[in-house]
Amino acid sequence: MANAHANIITKELGTYLRKHVAACLKLLDEGATIPFIARYRKEATGGMDEVIVHAISERHQALNELDKRKEYILEVIKSQNALSPELQDRITETLDPVVLDDIYLPYKPKRNTRAQAARTLGLEPLAKMIMAQNSADISKQASKFVKGDVADVKAAIDGASDIIAEWVSESEKARNIVRSRYQRSATITSKVIAGKEEEGKNYQNYFNFSEPLRTCNSHRYLAIRRGEEEGILKVNISIEDDEMTDRLSRMFVRSTANGEVAEIVKTAVKDGYRRLMRPSIENEIAAATKEKSDMAAIQMFADNVRQLLMAPPLGHRRILAIDPGFRTGCKLVVLDEQGNLLQHDVIYPTPPANDYVGATDALCYYVDQFRIDAIAIGNGTAGRETERFIRDIMLPRKVQIFMVNENGASIYSASEAAREEFPNEDLTVRGAVSIGRRLLDPLAELVKIDPKSIGVGQYQHAVNQVKLKDALDYVVESCVNSVGVNVNTASKQLLSYVSGIGPTLAANIVKYRTENGDFAAREQLLNVPRMGEKAFQQCAGFLRIPGAENPLDNTAVHPERYELVEQMAADANADIQRLARDKNMLHNIELDRYVTKDVGLPTLTDIILELEKPGRDPRETAEEIPFDDAVRKIDDLHLGQELTGKVNNITAFGVFVDLGMKENGLVHISQLSDRFISSPSEVVSIGQNVRVKVLDIDVARGRIALTMKGLSN
């Protein structure tokens, strides 16, 4: 099937040679990962990036599923002795699952339908007579079928009409006509179910809603469907029925048919459309719209997660992290440069205790004693109050102060991963550690939490959960491998996302590291149980060993190319260390000399870039972003006020901005830019510092409308 798939995908892409697509499919089928193919097999794939390789992988999987469906359908039709060469060709050649199901529908095994009951009574010949529309006296013909359970002529005609109705509903041409009309002209309506007004107030925009389905965007459609699932809304997708039944009648009723037969067929057509075809097509269109809306929401969610995971790390600094609180106090933890827990305590600088003196003494002691470089404060309850308290203190050394998004920290603190790391600490200590580590390295910490719990996206519980998980797993894997992982400090959770590793091998690596000490060279990974040559090939280039004897072990240069780099160094009369330090020497290498059948200029260029900046991190550096101190609660806002905020979520209709108070502000997509934009991501990203102006304030509902138009961002 791979060859056939290569032909199909090459034609669909239109930008890559068939040999490159075929090579990509071969690598995927052999178990190569997407990051590995995109990074280390550029010559084979014609330089495909990760996005293209991922798209090919998904299309290959979809075609495999379609092939299995075709095999099943062919077997079913063959078992009925109804498989003609023409029908087999149609089934084999179609690439559209909808067309495939339409072809299969007349042969699909049926149980307990009215048409099936009529067939059991022997009325199918009568249905064929009526459908032929040649008889001058159909009642006389029908009388021949009055026997047994067929009580009279009317019963015979009614039974035959049920069979005709099913034929109409299974007509591929008729279904295409109705489907096309739904796609062009369907209207979606929603109404509140009587008595559910108060319970469903979150859906009040859809209590009496109507819109052409083709203009109903993904977030509205998902909101409407969620309201329906919760029993708040009654939802309907419809077209003009009378017009459609007239169109179908003209298709099935012959102009030469006499009045009685024509009326019977027309009635059967109407019944087939209303009772059988319309519900089927409506469900199909609803499912297709849901799938399209799901994909839009999932893509938005995945983009947000990518931005959050790739947020700038502070790097190797000593952190004092605080999980703020009022009555229970602020949990304080001290972390070293690697994120190891050194000390923890509780301070009470906020109401009701207001122990400013004791909290100040404790903070000054910890900052001085542990040489703290930065303070990370959770942005939840009491976060702003704690931040203001700390900024007012004269600390014994200069430290940076960061507000850190703590979404999901409580989930991590109760997780198996947290219990494994800190079996002797309580939930509050674990949560504070998570906040501090998010500042050190967001990616390394957030991979321990289900991406659905880290506070970005919208309607994540309303979309296809399997597809959502697949998309988020891909994003996490992509981020982890693009950054690279220090094999001597990475957690089991982080290692499990490295190309070719997975949870079991990740646990084995951590266990081996614990029992034998740090890895000194990449080749030592082959000593880890279940680390075979294939797994090593897939993962080695993404694992880093800082301080290794061979400097290439701390780069993205793959071990399979070490010999090549050594040859480059020898030809330049230098060792690898000197080659990496001397940029002039690197730039003077004539790469064409090293081109072979397996190694081309793309790989050689990557090697030079890695040697220029060994162990480099593609992420930027974290920057301190202070909020406006004059704004502490929604009552402090006024119309026209300009503020500094931080983007903490992006949706299809706009972005939510953290203003340093309990409520977030919303910048609607129409207020993001002076030019037209189709997606908020064209203008902003998660974590971005933005200037906004207050447009509207609804204190009762806790809503703040903002604009970025006319402001410098």
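## Ground rules

First, a term for later: rings of Phe, Tyr and Trp (its six-membered ring) pair if their centres lie within 6.5 Å, with planes under 30 degrees apart called stacked, over 60 edge-to-face and the rest tilted.

What you see is a predicted model, where local features need pLDDT of at least 70 and side-chain atom pairs count only at pLDDT 80 or more, while totals for chains, interfaces and linings use all residues. Residues are numbered from 1 along each chain as its sequence is written, and side-chain values use heavy atoms, with hydrogens and water left out.

## The chain as a whole

The chain has 29 helices and 15 strands, taken as DSSP runs (H or I of at least four residues for helices, E of at least two for strands) and numbered from the N terminus. Its C-alpha trace spans about 105 × 70 × 50 Å along the principal axes.

Of the 713 residues, 48% are buried; that label means under 20% relative accessible area, with exposed over 50% and partly exposed in between (1.4 Å probe, protein chains only). Looking at contacts (heavy atoms within 4.5 Å) with a separation of 6 or more, 65% come from residues 24 or more positions apart.

## Aromatic pairs

A search of the whole structure turns up 9 aromatic pairs. One of them is Tyr40 with Phe542, an edge-to-face pair at 5.5 Å centre to centre and 65° between the planes. It ties together distant parts of the chain: Tyr40 belongs to helix H3 (residues 34-40), whereas Phe542 sits in the loop between helix H25 (533-539) and strand S10 (543-544), 502 residues apart. Tyr40 is buried, at 10% relative accessible area, and Phe542 is buried too, at 4%.

Tyr72 and Tyr104 make another edge-to-face pair, 6.4 Å centre to centre with 75° between the planes. Here the partners are 32 residues apart, Tyr72 in helix H5 (residues 50-79) and Tyr104 in helix H7. Buried or partly exposed: which is Tyr72? Tyr72 is partly exposed at 45% relative accessibility, while Tyr104 is buried at 3%.

## H1 against H5

Axes are lines fitted to C-alpha atoms, for helices over the stretch in contact, and angles run from 0 to 180 degrees between N-to-C directions. The axes of H1 (residues 2-13) and H5 come within 11 Å and cross at roughly 130°. H1 and H5 are therefore oblique to each other; under 35 degrees would be roughly parallel, over 145 roughly antiparallel and 65 to 115 roughly perpendicular, with oblique for the rest.

The crossing is right-handed, that is, the near helix is turned clockwise from the far one by less than a right angle (anticlockwise for left-handed). From H1, His5, Ile8, Ile9, Glu12 and Leu13 meet Ile56, Arg59, His60, Leu63, Asn64 and Asp67 of H5.

## H7 against H12

H7 (residues 97-104) and H12 (residues 172-185) have axes that come within 9 Å and cross at roughly 140°. H7 and H12 are therefore oblique to each other, and their crossing is right-handed. Which residues of H7 and H12 make the contact? On the H7 side they are Val98, Val99, Asp102 and Ile103, and on the H12 side Glu172, Arg175, Asn176 and Arg179.
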